[in-house]
Amino acid sequence: MTIAVRSHDELLAAVPHMFGFTPEESLVLYPFEPGLPRVRVDLPTLQTARKAVWESLEVPLGRHARPGAAVAIICLTAERVNAEVASEDLRGRLESVGVMSPLRLWADMDRWCDLDRGDGRHAHRGGSHPNRRSDGRWRSCATRGEPHGAGHLAHR
């Protein structure tokens, strides 16, 4: 099966389909190209938990990383600060095994934000997110804008 996404909304909509459930309080790695695994772990909120997550990912990611390997880091949580800290920590650790992370997203039940842009201008405000269904899953978005730093994302 091929999953192709062309926008942040489509990437967020793809997450439940990748795992067969809607992750909450989770950190997800979405590889931009085949070769690296898709990963979902509980969002590590403490430094000791971030270290433990990295210890479980370092060898498999390092083994499969090829030159130019890249992943999106997606944090699904109500606490944006936890998403910023955990994703930035993981980004630095990923670089140590040659995996770049040009895209970091945060999403909760009502909004999402590109953490790398830092200004929150992409965060949806007020009411429910237009691409969140009543059952909590993300629906695909008709918008075809390219994700920042990602270009066309595809994974088999």
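Colour the protein chain by secondary structure and follow the elements from the N terminus: they run β-α-β-β-α-β-α-β-β-β. In total the protein chain has 3 helices and 7 strands. Bear in mind that this is a predicted model.

Now show the whole surface. The protein chain exposes about 7,700 Å², and carbon and sulfur atoms supply 50% of it. Of its 156 residues, 45% count as buried. Among the contacts with a separation of 6 or more, 65% are accounted for by residues 24 or more positions apart.

Next, select residues 8-19, which form helix α1. At 1.5 Å a residue, its 12 residues should span 16 Å; the end C-alpha atoms are 18 Å apart, which agrees. Is α1 mostly covered or uncovered? Mostly covered: 10 of its 12 residues are buried, including His8, Leu11, Leu12, Val15 and Met18. Step just past α1 to Gly20, which takes a positive phi of about 85 degrees.

For the last stop, select helix α2 (residues 47-64) and helix α3 (residues 80-95) together. Two packed helices are described by the angle between their axes and the distance between the axes. Here the axes come within 10 Å and cross at roughly 35 degrees, and the crossing is right-handed. Show the side chains that make the contact: Gln47, Arg50, Lys51, Trp54 and Leu61 of α2, and Val85, Ala86, Asp89, Leu90, Arg93 and Leu94 of α3. Coloured by class, this contact has 6 nonpolar, 1 polar and 4 charged residues.

How values were computed: Residues numbered from 1 in each chain as written. Predicted model: local features only at pLDDT ≥ 70, side-chain atom pairs only at ≥ 80, totals over all residues. Heavy atoms only, no water. Helix = DSSP H or I, 4+ residues; strand = E, 2+ residues; numbered from the N terminus. Expected span 1.5 Å × (residues − 1). Buried < 20%, exposed > 50% of the residue type's maximum accessible area, 1.4 Å probe, protein only. Contact = heavy atoms within 4.5 Å. Areas by Shrake-Rupley, 256 points an atom, 1.4 Å probe, with all protein chains shown as cover. Axes fitted to C-alpha atoms, helices over the stretch in contact; angles between N-to-C directions. Left-handed = near helix turned anticlockwise from the far one by under 90°. Nonpolar A, V, L, I, M, F, W, Y, C, P; charged D, E, K, R; others polar.
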